[in-house]
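Dear colleague,

Please find below the structure that I am handing over to you. The findings follow directly after it, arranged by topic.

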Amino acid sequence: MVSFLPLAASISFALPALGLPTGYPSVKIDGVSGQVDMPLFGIGTWEYNDTLAEAAVTTAFSLGYRHVDTAYIYENQVGVGRALKKSGVSRGDFFVTTKIFGGLNSSEAAKALDKCLEDLQLDYVDLMLLHFPASTSGTGGAALRKEEWLALEKWAKAGKAKAIGISHYCKRQVEDIQSVATLPIAVNQVQYHVGMGSAGDYATDFKIWVQSQGILFESFSPLCGPCGHTDHMKLINGRLVSKIGKAHNKTGSQVSLRWLVQQGIPVIPKSSVKEHQQENMDIFDFELTAEEMVTLTASKSPPVGGGPSPTDSGDCGVVQQIIV
Ligand SMILES: NC(=O)c1ccc[n+]([C@@H]2O[C@H](COP(=O)([O-])OP(=O)(O)OC[C@H]3O[C@@H](n4cnc5c(N)ncnc54)[C@H](OP(=O)(O)O)[C@@H]3O)[C@@H](O)[C@H]2O)c1
């Protein structure tokens with residue numbers, strides 16, 4: 001059972017219009033037809049096959065999770081769909097985020113979008129994202145980005161998504177979408193975790209800029225999952241997070257996740273271990289002090305992932321290098 005302590009006063013607690021369990025921590029996002037409550041925590045599924053995804057989501061939902069994050073390219077939507085079905089939770093009471101890849105023209109996008117629903121065995125998703133501002137090989141410029149976004153809008157307007165957004169997008173790519181969008185860009189899902197809070201002007205300014213546009217900034221890899229063993233463990237049992245955790249009778253992972261949700265940033269930590277899943281949701285009954293928040297934000301470790309230099313955000317750095 002999770003108990004929920006209110007976060008910073010700036011975060012408005014949505015008491016659900018769309019059916020999340022009462023008190024499930026959430027933030028408002030701009031949906032296709034008005035605001036939607038987006039859960040502040042959910043279960044990630046990247047790198048799981050259908051079998052692993054089904055098992056992880058089944059366990060998570062038995063603990064009380066009501067949000068799952070998947071994607072077309074994870075090739076596990078069938079497993080996620082099976083877990084959702086067998087959970088017995090009513091459709092209105094859980095939130096599904098999925099993604100189609102970038103670099104698709106209208107008809108390819110329409111096909112991919114429908115395939116997501118088919119695999120998930122759902123009539124609609126709560127949040128559909130364009131996963132990357134280009135194809136896997138990095139091709140696809142502004143024209144294709146706009147075409148794919150408009151195909152997503154058309155699909156969402158047909159009732160197949162409650163909200164739509166993007167992932168891995170940098171400012172100029174967001175601006176491409178803004179130049180044609182007739183629906184709100186609800187969310188930009190990007191890598192963000194302790195260690196990236198002062199990650200150079202570009203990355204920091206980017207977060208502030210995204211938020212200034214009314215787009216919710218969502219964290220992926222909140223425990224630095226893909227960062228390599230040493231860096232990843234810094235956010236789980238590293239010195240800084242463990243020391244702060246000790247003061248609250250919490251673990252390092254809980255401190256890493258709390259630093260994000262306390263800023264109103266949704267997290268989707270992945271775990272196949274029931275005890276870890278439980279730990280990752282027990283982050284709403286304590287509050288980091290202002291001083292602890294500042295210390296965690298100032299941490300430069302683990303460093304920004306993937307970028308060309310420590311002053312560039314991993315995603316933005318890479319994306320700017322490879323994509324026209
Ligand atoms: N938009 C995108 O392109 C994108 C990219 C990356 C990720 N994502 C999404 O974000 C989700 C999360 O990111 P991620 O999968 O990269 O990794 P993550 O959530 O940052 O870290 C996952 C790793 O941490 C371990 N872990 C989790 N909780 C723990 C705990 N309490 N104690 C100890 N170890 C713990 C897990 O191992 P155990 O299983 O052993 O617990 C797993 O190895 C993904 O699954 C995916 O849904 C999106």
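Helices H2 and H3 are oblique to each other: their axes cross at roughly 45° and come within 7 Å. On the side of H2 (residues 77-87), the contact is formed by Gln77, Val78, Val80 and Gly81, and on the side of H3 (residues 106-120) by Cys116, Asp119 and Leu120. Sorted by class, this contact of H2 with H3 has 4 nonpolar, 2 polar and 1 charged residues. Please note that this is a predicted model, and that the descriptions here should be read accordingly.

The loop between H3 and S6 contains Gln121. The phi of Gln121 is near 60°, a positive value in a residue other than glycine. For comparison, most residues other than glycine have a negative phi.

Two further helix pairs were examined. Helix H4 (residues 142-160) packs against helix H5 (residues 171-178) at an angle of about 55°, and their axes are 9 Å apart. That angle makes H4 oblique to H5, and the crossing of the two helices is right-handed. From H4, the residues Ala142, Arg145, Lys146 and Trp149 meet Gln173, Asp176 and Ile177 of H5. The contact of H4 with H5 divides into 3 nonpolar, 1 polar and 3 charged residues.

The other pair consists of helix H1 (residues 50-63) and helix H10 (residues 274-281), which pack at an angle of about 50° with their axes 10 Å apart. H1 and H10 are therefore oblique to each other, and their crossing is right-handed. Here Thr59, Ala60 and Leu63 of H1 meet Lys274, Gln277, Gln278 and Met281 of H10. By class, the residues of the contact of H1 with H10 are 3 nonpolar, 3 polar and 1 charged.

In total, 26 residues surround the ligand, and the closest are Gly44, Trp46, Phe220, Gly225 and Ser271. The shell around the ligand comprises 10 nonpolar, 13 polar and 3 charged residues.

Turning to the strands, an open sheet is formed by 7 of them, with parallel pairing, in the order S3-S4-S5-S6-S7-S8-S9. Strand S3 (43-44) and strand S9 (216-220) stand at the edges; each has a single partner strand, so one side of each is left without a neighbour in the sheet. Within the sheet, strand S5 (residues 95-100) and strand S6 (residues 125-130) pair in the parallel sense over 4 bridges. Thr97 stands opposite Leu127 of S6.

One peptide bond also deserves mention. Which form does the bond from Ser301 to Pro302 take, cis or trans? The bond is cis, with omega near 0°. Most peptide bonds, by contrast, are trans. Pro302 is placed in the loop between helix H11 (290-298) and helix H12 (314-322).

With kind regards

How values were computed: Residues are numbered from 1 along each chain as its sequence is written. This is a predicted model: local features need pLDDT of at least 70, side-chain atom pairs count only at pLDDT 80 or more; totals for chains, interfaces and linings use all residues. Axes are lines fitted to C-alpha atoms, for helices over the stretch in contact, and angles run from 0 to 180 degrees between N-to-C directions. Angles under 35 degrees count as roughly parallel, over 145 as roughly antiparallel, 65 to 115 as roughly perpendicular and the rest as oblique. A crossing is left-handed if the near helix is turned anticlockwise from the far one by less than a right angle, and right-handed if clockwise. Two residues are in contact if their C-beta atoms, placed from the backbone, lie within 7 Å. Ala, Val, Leu, Ile, Met, Phe, Trp, Tyr, Cys and Pro count as nonpolar, Asp, Glu, Lys and Arg as charged, and the others, Gly among them, as polar. A residue is near a molecule or strand if its C-beta atom, placed from the backbone, lies within 6 Å of it. Two strands pair if DSSP finds at least two bridges between them.
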